[in-house]
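Hi everyone, thanks for making the time.

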Amino acid sequence: MKLIKLKIINFGQFSNFTFDLLNPDINVFYGANEAGKSTIVAFIKQILFGFHLGSHNSPFFENYTPLAQVSPMGGYLLFENEKGQRYELERLYAHGKGSKLGTLTVKCDNQVVPENVFFDQIKNIDGNFYADSFIFNQDMLTKVDQIKQKDLLERIYYLGAADSDKLITVRDDFAKNADSLFKKKGRKLPVNQLLLQIQEQQSKVSDSENEFSVYKELSRDLKKQKELQHNEEEKRLELQRKYDSLEKIEKLVPSYEKLQDLQNQIKTIHFDPEQYQSAQNLALQAETLRKKQQKISEKLNEYSQVKDEDISETKLLQKKPEILQCQAEYHSCLQKEKQIKNEQQQLITLDPNLGKIAALSEEQIIKLQEDFRKLPPKETVINQDKSTKPKQFLLLGGTIFILGLILLFIARAFGLLATGVGIALAVFGYYQQTQMQKSAKVQAERNRRVKEQRFLFEKQYGINPSNLDLNNLINEWRQFQVLSQNLKRNQLRKKELFDLLTPFAVELSQELKQAIDANFSDVLRALDQLTEKIDTDRKRREKQTSLKNNLTENDEELQEVNVKLKMILARAQVNNLNEYREIQKQKLKQDNTKNQISALKSSLQSDLTQLQEFVQDKNSGHKKLQDLATQISLFNENINHLQSKTAEIKVKMENLANSTAVFEERQKLANLKTKLRNLSAEYLANLFTAKWISRALDLASNERFPKMLITAKEYLRLLTNNRYNNIEIGKKITVTRFDGKKLAVEYLSRGTSEQLYFALKLAFVEQIKDQINLPILIDDSFVNFDDQRINEIEKLLQTIAQSNQVLIFTAQRSLVAKLQLQPLTFKKGTEHV
Amino acid sequence: MKFIHFSDAHLDSPFLGLSFLPSKSFNQIQKAPMQSLTNIVDLAIKENVDLVLIAGDTFDSFKPNPSAQIFFAREIERLITAKIQVVMILGNHDHMAKEDLLVPENPYFKLLGEGEKVETASYTTKSGFEYDVTGFSYLANHITDDLAAQFPPKSKHYTFGIMHAQERAGLSSQNVYAPFSLSELQNLNYDYFALGHIHLRQVLSETPLIVYPGNIQGRHINETGPKGCYLGTIDEQTKQTKIHFVQTNLISWNKRQLELTKPIAKTELEKMIINCLKAAATTYFCLQIKGANFLHEKEAELIQDSDFWQMISEKLAHGSQLVDVRFINGSKLAVAVNDQKYFKQAEEEIFTTDQFAQISKDWSLKTEFTNNLVQDPDFIQEVKQLAEVKLNSKLKGVNDEIN
C-alpha cells in the first residue's frame, strides 16, 4: 500500500494543504523544527484510525492544537495497492456532529465502498498497532527511554508479536492481580489466608473425627462391660442356684419331719382284704336274700285267699253248649212269632174287617154268622178302642224287651233296665188284654142284647154289614185262627225254653254272686265271666305255688351264705362284721400313712441326704443360707453398677451416633474449600491469563524471529555503523560485535540495546509486509544522521524501502541532499507538486 | 440371577459450594446420599435380587460419623434379613478395618479382599446358580500396584470382578488408584467387572461387561445427570448378562447455558434465566452465560451473587436451586488477526493437564486439596473459561478506552 497523495482540509496548523508523493519508495518531508512534520505524521495516523479528540492521554506527536473555528477538520489520504487499485480515505469532523473519531468515507477507484474493503487489506489493525510498528519518531524514543533495561530486553524478545507493548502491559496487570491473591511464601494474601484456615479447619475435623475413635473405643468398652457383666451374672446365677437349693432344703424340713413322724406311726395289722371283701360280699348277699325273702312273703300274703278248685262251677260251665242250643231255638221261635204276626197283620191289612173279628172265638163267629144272617146289613161293632190299649202295652212291652235285649249287648245297665221294663209292660199288657177280653165279651153280649138291630151289629162287630162278604171273611178268620194257634204253640215253646233257662240263671247267679237276668245273652255273658274266673283262679294258684317254691330256695341260700360269713368272721377272729370293719378302717389309715410316707419320700428322694444333714444341724444350715443371700446381694450390687456403666456407655454412643459435629466440621471445611476453589480459580485465571499472553507472545516471536533476524542483522549493522554485525537467537539472543565477540543482550550498552530494539522493530514491519503493508514514517530525531553514518543510513532506508514505502521527516538538508530526492516542504497556503 | 451394582455412596459427605443454601434445602441435599442408598436397598428387596455389589467409597471418610455407619449397618441388615448376599469392598476414601464397620457378622455380608489381598468368594443362589466374586479392599488411600494383574483366571462359574480403581493415564504420579488398563481387564474375561471410583457412569466395555455405575447422588455441579445403580439380570443357562440403569437420586445436578446476543434489561434477564432453569424434578443448576460481554460490570457482579441465585431459586418448581453462575467468553479474542493463532496455540499449550499443573505448582503443592483440583479437568476448564472472559474483557476495555 503506497501513499500517493494526502490532502489536509483542516488539521493542526494546516488548512487546505496537499502533498503528492511521487516516489513510491522514499519520500522526504523537509522543514525546520516546528514546521509541522509531527502534525503530518499525526494526520496520516488519524485519518486512518480516527481523530484523537478525547480527553485521555495520547502520545506526544498526536498532541497537536486544532485550529480554532475551522470546520470541518480532516482531509484525505490516497493509497494505491499492488494491484493498482486506488483507495481514497476521507475523514471529516464537524464540531458537535457525529463521532469524535470523525466520519470516514472510503472510495475505491472513486467508488464509495465499506470501510472494511480497505481495512481487510491491512488485517484490521488498530491505531495502536500502526503507531507501535510503523512510526519511528521522538515519541518512540522517549517511550523506550522510559523502559527499564530488563523490560526492554523482554520487549525485544516479544517484538515478534503485534502490539506486544500493550499485551505486555495487560499481562503485567494480570500477573499483578494474581500476585495480590496468592504468593508462594505469602501469609496475608487471600488465598494464602484461606489455605491456612483450611489447615486449621482440617485439624478441627481430625479432632472431631476422634468421635469415630471414641465411638470405637466406647463400642469396645461396651463389649468388655457386657462380658464382665455376663461373667458376674453367671457367678450370681451359680450362687443363686446354690441358694435356691438350700432354701428348698430348708423349706422341705417340715415335710421331712412329718415323714419321720409318719414313719413312727406305722404298725403291723393283719388284714386280708380279699377275705374282707368276701365277707362284705357275703353280708351283702345275705342282705339281698333277706330282702328277697321279705318280698316273696309279702307277695304270698296277697295270694293267701286263693280258693281250691270248685266243681259246681265246672259243671255249670259244661252246660254252656246246651244253653247255646236253647238260645238258637229261642231265637228261631222269636223269628217264627214275628213271621206269624206279620202274616196275621197282612191278613188284617188285606181286609180291615178281619181285624175287627180276629179275636172272636169260634162260637162268636158262628154267632156272627147268625147275626149277620139275621141282620140287615148294618150292625155295630164292639168298641175296639178299649181292646187296643192292652195290646199296645203288650206291643210296647215286647218292643222294649227286644230293645232291652239289644241294649244288653251294648250297655248292660240300660239293657237290664229295658228288659225289666219290657217284661213288666208285657205282663201288664197281657193282664189288661185278658181283662179287656172279659169286659168285651160282657159288652158284646150286652150289645147283642141291647142292639139287635143292624146298628147294633155294626156296633157289636165293628163291621159294616153292608158290602160284607162274610164267607170270605170267615175264611180269612179261619186262616187267622190257624196262625193264632201256631203263635200260641210257638209261645208255649218259648216259655219252655225260658223255663229251662231260669233255674240255670239262678244257679249261675249264686255261683257268680251277682244278679243275673234270665235271658240268654246275660246268661251267656255270665258264663264267659265264669270261664274267666275259673281261669284266673287257676293262674293264682299256680303263682302261689311258684312263690312258695322260691321262698324255700331263698331260705336255703340264705342259710348257706350265713354259714360262709360266719366262717370268714371266725377266721378273722372277729365277732361280727362291724368289728371286721373297724380293723379294715385301721388298715386303710395305715395304708394312707404309708402312701403319704412314700409320696414324701419320692418328693424328697433327691434331697433326703441333704435333709438329714440339714436337720442334724439346722442352725448352721440357716446361716449358710444367709451367707449365700449376702453374697448374692453383693453380686447384684456389682451387676447393677456394671449395668449403669453399660447404660452410660450406650448413652455416650447414642450421643455420638446422633452427633452432627463431624459433619458440621467437615461441612465447614467444605465451605472453606469452596471458597478456596473459587478464589483459586480467580487467582489461576489471572495467573494463566498472564502466562497465556506471554506464551502467545513467545509463539509469535519464536516463529517470526528467525526470519526477522536476517533483516534485523543488516539493520543493526547499519544502525550501529558496523560495530555489531550479527544477531543469533538460541536460548538467549546474542549479538556479535565487529571483533567477533558474542555478547548476550543483557550485557549490551543501553544505546546498543535501543538500536537492537529498533532494528528488530523494523525487521518486524518487514516480516509482516505481506499481510500488512503501510508506509513507515521515520523522524530524523530517530536516527543519527551524522555525516559519518549518512551512507549507512541511506543504505538502511533504501533497504527498508524495498518492502515498505518510507516517509522521512527531516530538518537536515544534508540528508535530503544525500538521498537525492525532491523534498516536500511545509509552507502555509502553498500547494506542493 | 439378579444383582445390583453400585459404588461411591460417599455417605456423610459434605457439599461443596452450597453454604449459602437455606437450611431446609441444605438438609435435604445432606440426606440425599442416604436416601439414594435406601432407594437402592428398596429396589434390591423389591426385585428380590441375589447379590448386591458395593464397589467402594461407601463412606466419604475412613473415620465416618457414627450416625452414617449406623445408618449403613441398618440398610445392610435389611438386605441380610431379605437373604440377599452383599459383597462389599473398601475404596480410597473408606479404607477402614472390618471391625470398624458396625455391620454384624453374617454369612450374607462379605467384606472382600481385606488388607489389599485379592480374594475370591464363591456363592450359590437360591436357584442353585453358582458364582464367584473376586476383588480387594484398600488399606490406605492409595494403591500404586497393578492389582488387576493379581486377579485369578476366570473359574468355571459365573465370575464377578469387583474393584475400586482408575484406568492408567498420564503421569505415573497420578496413577495411585489401583491403575489398570482396559485390555488387561478384558483379557481376564470375567462375566461382569464391577468398578467403582469414577463418579461418571460409564460402560467401559460391552463384552465382557466392565462397568462404572457412577456415584449414587451428585454432590456438586460437575456430577450432573441421573445417579443410581445398575440392575443386572443373568440368564442362568447362557450366562448372558443384561444391565439397566435405575435412577435413585433425590436431587439432580444440571448445567444450563444461556446465550446473550445483545445488551439486556435486568428484569428480562431474570425471566430468561427462570425460563432456562425448568426441570421436572428437584434439580441444582449451574448456569453458564455465554456472551457475558453484553452485561454491564454491575450486572455481572449481581448475577454472580448468591443472593441473586436465591431470589431466582424461590421462583423455581420442585425446590430446584440455582447454585452457580459462570460466564463463558462469547466472542473472539480482541488481538491482532495475525496473532490469533498464536493465542490459540498458547491457550492450548498452557491449559493441558501437565502444563496446568506445572504453572500452578506453587499453589497446587500447598495442599492435597489444591493438588487434587489441579488434576481435575473440570476445574481446569473453569479456570480456562474465566481466563478467556478476563482477557477478552481486558483487551476490549483497553480498546474501548482508546476508541
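This is a predicted model: local features need pLDDT of at least 70, side-chain atom pairs count only at pLDDT 80 or more; totals for chains, interfaces and linings use all residues.

Let's start with chain B. There we find 11 helices along with 15 strands. Of the 403 residues in this chain, 45% are buried. How about the contacts inside chain B? If we take those between residues at least 6 apart in sequence, 70% of them join residues at least 24 apart.

Now, over to where the two chains meet. Chain A brings 51 residues to the contact, and chain B brings 45. On the chain B side, the helices that each supply at least two residues are α2 (66-81), α7 (337-350), α9 (361-364), α10 (368-374) and α11 (377-402). Which of these gives the largest share of the side of chain B that touches chain A? That would be α11(B), with 12 residues.

Finally, a helix pair in chain A. Two packed helices are described by the distance between their axes and the angle between them. Here we have α8 (residues 273-302) and α17 (residues 520-571) of chain A, whose axes come within 9 Å and cross at roughly 155°. An angle over 145 degrees counts as roughly antiparallel, so that is how α8(A) and α17(A) run relative to each other. Their crossing is left-handed. The contact of α8(A) with α17(A) has 14 nonpolar residues, nine polar ones and eight charged ones.

That's my tour, and I'm happy to take questions.

Terms used:
Residues are numbered from 1 along each chain as its sequence is written. Chains are lettered from A and ligands numbered from 1 in the order in which they are written. Helices (H or I, at least four residues) and strands (E, at least two) are DSSP runs, numbered from the N terminus. A residue is buried if 20 or more other C-beta atoms lie within 10 Å of its own, exposed if 12 or fewer, and partly exposed in between; C-beta atoms are placed from the backbone. Two residues are in contact if their C-beta atoms, placed from the backbone, lie within 7 Å. Axes are lines fitted to C-alpha atoms, for helices over the stretch in contact, and angles run from 0 to 180 degrees between N-to-C directions. Angles under 35 degrees count as roughly parallel, over 145 as roughly antiparallel, 65 to 115 as roughly perpendicular and the rest as oblique. A crossing is left-handed if the near helix is turned anticlockwise from the far one by less than a right angle, and right-handed if clockwise. Ala, Val, Leu, Ile, Met, Phe, Trp, Tyr, Cys and Pro count as nonpolar, Asp, Glu, Lys and Arg as charged, and the others, Gly among them, as polar.
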